Amino acid sequence: MKQLDNKVAIITGASSGIGHAAARLFARHGARLVLVARRRTELDALVAQLEDGGAQAVACAGDVGDAACAQGAVALALQRFGGLDIAFNNAGTLGPMGPTQEVALEDWRATVDTNLTSAFLAAKYQLPAMAARGGGSLIFTSTFVGHTLGMPGMAAYAASKAGVIGLTKALAAEYGAAGIRVNALLPGGTDTPLGRQVASTPEAQAFVAGLHALKRLATPDEIARSALYLASDASSFTTGTALLADGGVSIVRT
């Protein structure tokens, strides 16, 4: 059974990794998609692939830290598909890695803009469109880093993504009466281009895998399935959560 039949969804960070996997999965479940990322070529290739499979999708290239991008994605959903039911705000960056005292202010601000300000901007324009439909599901990608586990050298990433969880809880309380559910998805280590920046060698990948109870990394498809749960009516009474899909990294102490 298709869980998202006739639903309209925005997915950011759709050109690779978890966003790319979610686009393919949501399309298979009947969603009509507005796909957002900076890389137009990759977005166009994904749209063509989805359309070849019978799905409806449109690309919206831009920087999620830009208000015009957030507003434009919602406008495109309304123009092409008549409304908005789901948003998976997944785009993000690791930002600077290393001792906090060596982090440049401009790098800190860029990380906060990409990970946290973008979430605020997305919600600012997505929420009214969902309210006009009588409700919807708003999802942010956060992380276990800075939530259940501290990791050295990742201050900007941890702080900005922890802020997303705070935003999630505030919006869930603010918009629940409008029928809008707001949740954060917290993946564990995942085999994506972003994840490979942390685990860039086979030895590093083995080390990171060993931090998890399952002793492996997630595939993007596995995290996409958790996003599908939050997007669909299967999670109809779930809001304000920080949903761990982390392979047990939060409970393992080695």
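1. Asn 6 is found in the segment before strand E1; helices (H or I, at least four residues) and strands (E, at least two) are DSSP runs, numbered from the N terminus. Asn 6 has a positive phi of about 65° although it is not a glycine. Most residues other than glycine have a negative phi. Asn 6 is exposed, with a relative accessible area of 56%; exposed means over 50% relative accessible area, buried under 20%, and partly exposed in between (1.4 Å probe, protein chains only).

2. On the source: this is a predicted model, in which local features need pLDDT of at least 70 and side-chain atom pairs count only at pLDDT 80 or more, while totals for chains, interfaces and linings use all residues. Residues are numbered from 1 along each chain as its sequence is written, and side-chain values use heavy atoms, with hydrogens and water left out.

3. Lys 215 sits in the loop between helix H7 (202-210) and H8.

4. The largest nonpolar core has 34 residues. Such a core is a set of buried Ala, Val, Leu, Ile, Met, Phe, Trp, Tyr and Cys residues joined through side-chain atoms within 4.5 Å. Those with the most contacts inside this core include Ile 11, Phe 26 and Leu 50. Among the elements that give two or more residues to it are strand E1 (8-12), helix H1 (17-28) and helix H2 (40-52). H1 gives the most, with seven residues.

5. Leu 50 touches Ala 23, Arg 24, Ala 27, Leu 33, Leu 35, Ala 55 and Ala 57, not counting residues up to four places away in sequence; contact means heavy atoms within 4.5 Å.

6. H1 and H2 pack at an angle of about 20°, with their axes 10 Å apart. Axes are lines fitted to C-alpha atoms, for helices over the stretch in contact, and angles run from 0 to 180 degrees between N-to-C directions. H1 and H2 are therefore roughly parallel to each other, a term for angles under 35 degrees. The contact is made by His 20, Ala 23, Arg 24 and Ala 27 of H1 and Leu 46, Gln 49 and Leu 50 of H2.

7. Helix H4 (residues 105-132) and helix H5 (residues 155-175) pack at an angle of about 15°, with their axes 8 Å apart. H4 and H5 are therefore also roughly parallel to each other.

How values were computed: Angles under 35 degrees count as roughly parallel, over 145 as roughly antiparallel, 65 to 115 as roughly perpendicular and the rest as oblique.
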